[in-house]
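Please take a look at the model below, and let us walk through it together.

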Amino acid sequence: MLNLSGEHDLPVPPLTLPAAHDAVSPTDAAASAAVHLFLERARAVRPDFRLTETNAATVVAICQRLDGLPLAIELASARIAHLPLDALHRRLEHRLPLLTGGARDLPARLQTMRDAIAWSYDLLTPEEQTLFRRLAVFVGGCTLEAAEAIVEATEAQNDAVLDGIASLVSKSLVQTVEGPGGEPRYQMLETIREYGLEQLVHRGEDVAMRDTHRDWVLAFVKRTIPATLGPGAATWLGRLEPEHDNLRAALAWALARRDGEAAFRLSGTLLSFWYMRGHIGEGRRWLEASLAIGADVPAAHRARALLGLGWFANELGDPERGTAALQESLALYRALGDRFNTGNALDLLGIAAEDHGDYALAEQLMTEALACFEEIGNYHSISQAIYHLGVIAYGQGDLDLAIARYEESQRLARAAGDHFNLANTLWYQGLIHCKRGQLARAADALEEALAMEEALGNLEGAAPTFANFGVLAVAVDRPDVATRLLATAAGAVDRRGVSFCLPERLDYDRALTDVRNRLDEPIFRAAWDAGWTRTIRESASDIDEILAAARSQANLTAPPTPTDGTGLTPRELDVLRLVAQGHSNQQVADALFISVPTVKSHLTNVLGKLRLPSRSAATAYAHTHGLL
C-alpha cells in the first residue's frame with residue numbers, strides 16, 4: 001500500500017477449497033479453484049494424471065494443507081512427477097522445504113515459497129517483524145486481547161499492537177476473520193505461519209514465546225471454564241471452541257517440555273469443555289499423556305487427571321481402566337480432605353455402576369456424593385446428583401420417583417442457569433411421558449431439551465434426545481421416521497466413540513426391534529442408512545414431523561379425567577384403568593415399568609381419593625365414569 005488518497009484496497013484471497021471429506025467426489029473436488037489449479041499444473045508434468053474416486057480426497061487434503069495459495073499449489077503439484085500423492089501429502093506437514101523449484105523465468109522470490117514469504121517479511125519494519133514472529137505462535141488465530149497479552153515482552157503499547165496487526169493485514173501476512181459475537185480474529189495461513197515459526201527459532205525466541213503462549217492459555221481457561229457451568233454457558237463455550245487449536249498447542253508444548261504441572265493444570269481444567277463439546281476420546285489421550293510424565297506433581301493435580309481419565313474411559317466403554325482411575329482419584333481426594341472432589345469421584349463411580357445395571361451400588365455412591373455436594377452448597381453438582389438418582393429410580397422401574405427427582409433437579413438447574421443438567425432431565429422426562437402415553441408432554445420436554453443442547457452447541461452430544469424422538473416416533477406410528485432418528489442418534493454416538501448408557505439403552509433397543517418388525521427389510525435398511533449418514537442438524541424436518549404428530553394425536557386421544565373433582569394424578573389414572581381391565585398388580589407393574597409395591601401404593605391412593613372400599617368398586621367407578 002502507498003497510503004495515498006484515492007487508493008483502494010483490493011483483497012486477493014486464497015483460491016476456493018472444497019470441504020475436507022473422505023468421500024469427496026472427483027466432480028465436487030474439481031469444481032474448486034484450488035483443485036482445478038492443482039490438476040492443471042500436475043498434468044504439465046504428468047499428462048496422464050487424472051482425478052479419481054481413489055485419489056480425490058488426497059488431492060483435496062493437499063490443497064487444504066497449502067491453504068489454497070496459488071504459488072504453493074503450483075510448487076507442490078510439480079512434485080508429483082517424482083512423488084506419489086500420499087507421500088506428497090505426508091511431506092507437506094513441513095511445507096516450506098518441499099515448496100521449491102518454480103519456473104526459471106519467474107523472479108527469484110517466486111521460485112520457492114519460502115523466498116516469496118521472506119521477500120514480504122523483509123519489507124516489514126523491525127517492529128512489524130517482531131509482531132509477525134510473535135503472532136506465529138498462535139494456532140488457528142487469536143483475538144486482539146490475546147495478541148496484546150502475548151507480545152507484552154516487547155513492551156509494545158496496545159495501540160501499537162493494533163496498528164501493527166492492521167499493517168500485517170494490509171500486507172496479506174495476516175487475515176481477519178469473524179469470531180464469536182462478531183469479534184475479529186487474526187490468523188495466518190499455515191504456510192506463512194510456518195515461516196514465522198522458523199524465524200522464532202532462527203532468533204532463539206521460540207522457547208520463550210511458546211512458554212508465553214502456554215501461560216496465556218492457562219490464564220484463559222482458568223477464567224473461562226468456570227463460566228461454562230453457569231447461565232452464560234453457551235457464550236463461554238462459544239469462546240473456547242475457536243481457541244481449541246491453541247489449547248492443543250499449549251498441551252503439546254507442556255508435554256514436549258515434560259512440564260507435568262502445566263500439562264496437569266491444562267488437562268484437568270478442560271474436562272467439562274471436552275465432555276460438553278464431544279471431545280471425549282481426545283481428552284482421554286491428553287490425560288493419559290499427562291499422567292505418563294507427571295510423577296512429581298501435587299496430589300491434587302494427579303487426582304484431577306485421574307478423575308477425568310476415569311470419567312472418559314467409562315464413557316468410551318473401558319470400565320476396567322475407568323473404575324481403577326476413579327478409585328485412585330477418590331483415595332487421593334479423601335486423603336486431601338477435598339469434600340467437593342470426593343463427591344465428584346463418588347458421583348462418577350455411581351454413574352459407572354448405574355451404566356452396568358448395579359442400581360443398589362449406584363444409589364449408595366450417588367447418595368454419598370449428594371451429601372458431599374450439599375455440605376458445600378454446590379447447586380450444579382447437587383442438581384446433577386439428584387438427576388442421576390432419578391436415572392437410578394428409572395432403571396429400577398419406579399417412574400414416579402424418577403419424575404419427582406427430575407423435577408427437583410430441574411428446579412435447582414433452572415435457578416443456577418445450568419442448561420446442561422436441565423437438558424438431561426428434560427429428555428428423560430420426555431421418555432417417561434412417552435411411556436405413559438402423554439405424547440404432548442413428551443413432545444414439549446424433548447423440544448425444550450433439544451433447544452437447550454443447541455444453545456450449548458452440543459448437538460452431537462444430544463444423541464439421547466434424538467433417540468428419544470425415535471421412541472416418540474414409534475408411539476405416533478411413524479416407523480420409517482423412527483428408524484432414521486434412531487440411526488442418526490446411533491451415528492452421532494459412534495462418531496464420538498461412546499455408546500448409549502443404561503437404562504435408556506433398553507428403550508432404544510425396544511424401539512429398534514419394533515420398527516424392524518414393522519418394516520420390510522429393504523425399507524428398514526434404506527431408512528437406517530439415510531439416518532446414519534446425516535448429521536443431527538440435518539434431522540430438523542423429521543423432528544418437526546414427530547412433534548406435530550405427537551401433539552395432534554394427544555389432542556385426539558386425550559383420556560377423559562374424573563368428573564367428580566377427586567384429582568387423581570396421571571399415574572393413578574393409569575393404574576386405575578389397568579386394574580379396571582382386569583390386570584393383576586404384577587401385570588400393571590410390567591405395563592407401567594414400576595414395582596409391585598408402587599402399584600399397591602397408587603391403588604391405595606386411588607381408593608382413598610375416590611372413597612371406594614375395594615378393587616371391584618374401583619373397576620365399577622372406571623366403567624361408570626368412562627375412563628376405559
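Searching the whole structure turns up 14 aromatic pairs, where rings of Phe, Tyr and Trp (its six-membered ring) pair if their centres lie within 6.5 Å. One of these joins Tyr275 and Trp311, a tilted pair with 4.7 Å from centre to centre and 35° between the planes. Planes under 30 degrees apart count as stacked, over 60 as edge-to-face and the rest as tilted. Tyr275 sits in helix α16 (residues 271–276) and Trp311 in helix α18 (residues 299–315), so the pair ties together parts that are 36 residues apart in sequence. Both Tyr275 and Trp311 are buried; buried means under 20% relative accessible area, exposed over 50%, and partly exposed in between, with a 1.4 Å probe and protein chains only. Elsewhere, ring pairs link Tyr387, Tyr394, Tyr406, Trp427 and Tyr428 into a cluster.

A word on the ground rules: this is a predicted model, in which local features need pLDDT of at least 70 and side-chain atom pairs count only at pLDDT 80 or more, while totals for chains, interfaces and linings use all residues. Residues are numbered from 1 along each chain as its sequence is written, and side-chain values use heavy atoms, with hydrogens and water left out.

Now step back to the whole chain. Its secondary structure comes to 34 helices and three strands; helices (H or I, at least four residues) and strands (E, at least two) are DSSP runs, numbered from the N terminus. Of the 628 residues, 52% count as buried. Among contacts in the chain with a separation of 6 or more, 66% are between residues 24 or more positions apart, a contact being heavy atoms within 4.5 Å.

Let us turn to how helices pack. The axes of helix α14 (residues 244–256) and helix α15 (residues 260–269) come within 8 Å and cross at roughly 150°. Axes here are lines fitted to C-alpha atoms, for helices over the stretch in contact, and angles run from 0 to 180 degrees between N-to-C directions. α14 and α15 are therefore roughly antiparallel to each other, as angles under 35 degrees count as roughly parallel, over 145 as roughly antiparallel, 65 to 115 as roughly perpendicular and the rest as oblique. Their crossing is left-handed, that is, the near helix is turned anticlockwise from the far one by less than a right angle. On the α14 side, Ala250, Leu251, Ala254 and Leu255 make the contact, and they meet Ala262, Ala263, Leu266 and Ser267 of α15.

In the loop between α14 and α15 you will find Arg258. Arg258 is not a glycine, yet it has a positive phi of about 55°. With 56% relative accessibility, Arg258 counts as exposed. Asp477 lies in the loop between α26 (463–475) and α27 (479–496), and is partly exposed, with a relative accessible area of 48%.

Helix α20 (residues 339–355) and helix α21 (residues 359–376) pack at an angle of about 160°, their axes 8 Å apart. α20 and α21 are therefore roughly antiparallel to each other, and their crossing is left-handed. The contact includes Phe340, Leu346, Leu349 and Ile351 of α20, along with Leu361, Leu365, Met366 and Phe373 of α21.

The strands come next. Three of them form an open sheet in the order β1-β3-β2, with antiparallel pairing; two strands pair if DSSP finds at least two bridges between them. The edge strands, each pairing on one side only, are β1 (142–143) and β2 (175–178). Two bridges join β1 to β3, and Thr143 stands opposite Arg185 in β3. Between β2 and β3 (residues 184–187) there are four bridges, with Gln175 partnered by Gln187 and Thr176 by Tyr186. β2 and β3 form a hairpin with five residues between them, and Gly181 in the turn has a positive phi of about 70°.

To finish, look at helix α34 (residues 615–624), where Tyr621 has its place. At 9% relative accessibility, Tyr621 counts as buried. The C-alpha atoms of Tyr621 and Leu610 are separated by 8.7 Å, with the two residues eleven apart along the chain.
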